[in-house]
Amino acid sequence: MKNLKDLIRPNIYALAPYSCARNEFKGLNATAYLDANENPYNSAVNRYPDPLQLEVKAMLAPIKGVKESEIFLGNGSDEAIDLVYRIFCRPGKDNVVAIEPTYGMYEVCADINDVEYRKVLLDEKFDISADKILAATDENTKVIWFCTPNNPTGNSLNQTEIDKVLKAFDGIVVVDEAYSDFSASPLYRNRLAEFPNIIVLNTFSKAWASAAIRLGIAFASPEIIGYFNNVKYPYNVNILTQKQAIDILKNREKVAEWVKIILSERSRLIEEFGKLSICKKIYPSDANFILAEVEDANATYNYLIEKGIIVRNRNKVTLCKNCLRITVGNPEENDELLNALK
């Protein structure tokens, strides 16, 4: 890995971050808060939230097996994705490399930040080649993106190939593990010490069933996390989100039960969907969704809409012709889908 100074945009490396009132005073014993120009009325929501979400991180760290200093919390994973570009990529000069197909926000954020986005096609099994990915890089490549399990394909990527990239590439490698709770594959967040150039993404939206609170996670070295905190907006995670996150973190047993049900339903959905006459192929899935090739994706999608059942039409996505991405719902929702298609 290059020195961080050589990877980070010069203006970000030299940035003097904004210091908000709650950065400067962190004590809990004050009786009068007169430092942040807050309204003293409407208690519970009148005060600015903890800008570093320390209580949430203290609960999350042992669950995820990382240090608190290795955690960034943001307004969804999309904030962390955008921050990668804002911290490491010089607009109009640098580029990133990503697999194709994959999660669309990597490319959208590249376009927003005026960063060249280079795509490397997956193979026929939706897997990667380290050699092809590395061949797409040059001296201005700052970041390589992986999503595993991948979206929309659902499969876990070959970790031997990812390791090759991590060892050979001297820039930043982002591994998005948003769906990792539904997979048995080893986790890259457990290898932060091994790979100082890795950033691992996670989310409260999937296994933790909290998409509405918009809380994303990035795991990385304390040095990288420090730059995330320098560049983010001061109060990027509101107090309502922080309170909801604390509540869900107290219910790990319930979350584990939900994941177990989803995994069981995923197996049932794969088996039963595969029996349908319209089904041509179901791809292996380590996520909470399946990708299925059908005879006519557009017609099937429109038919399901008429039945009040919404799936994702991926027909126009590269390598996904006539494919539908179907989230694993609860047993009743899955029955509704299967019965409609039967």
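A pocket is here an open set of grid points with protein on both sides within 12 Å along at least five of seven lines, and its lining residues have an atom within 4 Å of a point. In the predicted model examined here, the second largest pocket is lined by 28 residues, among which Y103, G104, N151, Y179 and R325 lie nearest its centre. Two elements, α5 (76–88) and α6 (105–112), each give two or more residues to this lining. The greatest contribution comes from α5, with 4 residues. The space in the second largest pocket amounts to about 520 Å³, and its lining comprises 12 nonpolar, 7 polar and 9 charged residues.

The largest cavity has a volume of about 80 Å³. Its lining is formed by T148, P149, S156, L157, Q159, E177, S180, S183, S185, P186, L187 and Y188. By residue class, the lining of the largest cavity consists of 5 nonpolar, 6 polar and 1 charged.

Helix packing was considered for α11 (residues 252–273) and α13 (residues 331–341), whose axes come within 11 Å and cross at roughly 5°. Angles under 35 degrees count as roughly parallel, and α11 and α13 are therefore roughly parallel to each other. On the α11 side, the contact involves E265, R268, L269, E272 and F273, which meet P331, N334, D335, L337, L338 and L341 of α13. The residues of this contact divide into 6 nonpolar, 1 polar and 4 charged.

Terms used:
Residues numbered from 1 in each chain as written. Predicted model: local features only at pLDDT ≥ 70, side-chain atom pairs only at ≥ 80, totals over all residues. Heavy atoms only, no water. 1 Å grid on protein atoms, 1.4 Å probe; cavity = no way out; pocket = protein on both sides within 12 Å on 5 of 7 lines; lining within 4 Å. Points joined across faces, edges and corners; volume = space filled by probe spheres on them. Nonpolar A, V, L, I, M, F, W, Y, C, P; charged D, E, K, R; others polar. Axes fitted to C-alpha atoms, helices over the stretch in contact; angles between N-to-C directions. Parallel < 35°, antiparallel > 145°, perpendicular 65-115°, else oblique. Contact = heavy atoms within 4.5 Å.
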